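Please consult the sequence and the model shown here while reading.

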Amino acid sequence: MKYLCQVWFDGAMLSAMTKEQKTELGANSLNYDKDLAESGNMIVAEALQPPTSAVTVRVRSGELSVTDGPFIETKEALGGFILVEAKDLNDAIRIAAGIPLAKLGAIEVRPIHEFAAQ
């Protein structure tokens, strides 16, 4: 079954890290992605640009509305995601716990809804 591991963290925390700490975190993250790929659990992983680069799109009554940034103010923002294949929720939780940013932020694990073929 597919699970989306959403990586949430406070961007200020990353800004406060030294260059060496950021380099170590990046290396650990890439190594974990490699381990997941080798184990067959990895489908795709991507880091996101900061929330300041985001836009929010809505369509109401046929009218398009675009606003800068995320919809809500929050300390933690979605910083990336890893789409994994896991045998069940417990396996997906095990995978999420290994994501290096789990030690600094939070990983939301959500099963992917699979639509039946028509």
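Q: What is the volume of the second largest pocket?
A: The model is a predicted one. In this model, the lining of the second largest pocket includes Met 17, Gln 21 and Lys 103. The volume of this second largest pocket is about 150 Å³.

Q: How many residues of the lining of the second largest pocket are nonpolar?
A: Among the residues that line the second largest pocket are Leu 25, Pro 100 and Leu 104. The lining holds two polar and two charged residues, and its nonpolar residues number four.

Q: Which element supplies the largest share of the lining of the largest pocket?
A: The largest pocket has a volume of about 960 Å³. Of its 43 lining residues, those closest to the centre are Phe 9, Leu 48, Leu 78, Gly 79 and Gly 80. Elements that each supply at least two lining residues include β1, α2 and β3. The largest share, seven residues, comes from β5.

Q: Why do the buried residues of α3 lie on the same side of the helix?
A: The buried residues of α3 are Asp 91, Ala 92, Ile 95 and Ala 96. They lie on the same side of α3 because the arc they cover around the axis is only 140°.

Q: Which residues are exposed on the other side of α3?
A: The buried residues of α3 are covered by elements including β1, α2, β5 and β6. On the other side of α3, the exposed residues are Asn 90 and Ala 97.

Q: Which residue caps the N-terminal end of α3?
A: The backbone nitrogen of Asn 90 lies 3.2 Å from a side-chain oxygen of the capping residue. The residue that caps this end of α3 is Asp 88.

Terms used: Residues numbered from 1 in each chain as written. Predicted model: local features only at pLDDT ≥ 70, side-chain atom pairs only at ≥ 80, totals over all residues. Heavy atoms only, no water. Buried < 20%, exposed > 50% of the residue type's maximum accessible area, 1.4 Å probe, protein only. Helix = DSSP H or I, 4+ residues; strand = E, 2+ residues; numbered from the N terminus. Arc of directions from axis to C-beta. Contact = heavy atoms within 4.5 Å. Polar contact = N/O pair within 3.5 Å; in protein donor to acceptor, adjacent residues only side chain to side chain. 1 Å grid on protein atoms, 1.4 Å probe; cavity = no way out; pocket = protein on both sides within 12 Å on 5 of 7 lines; lining within 4 Å. Points joined across faces, edges and corners; volume = space filled by probe spheres on them. Nonpolar A, V, L, I, M, F, W, Y, C, P; charged D, E, K, R; others polar.
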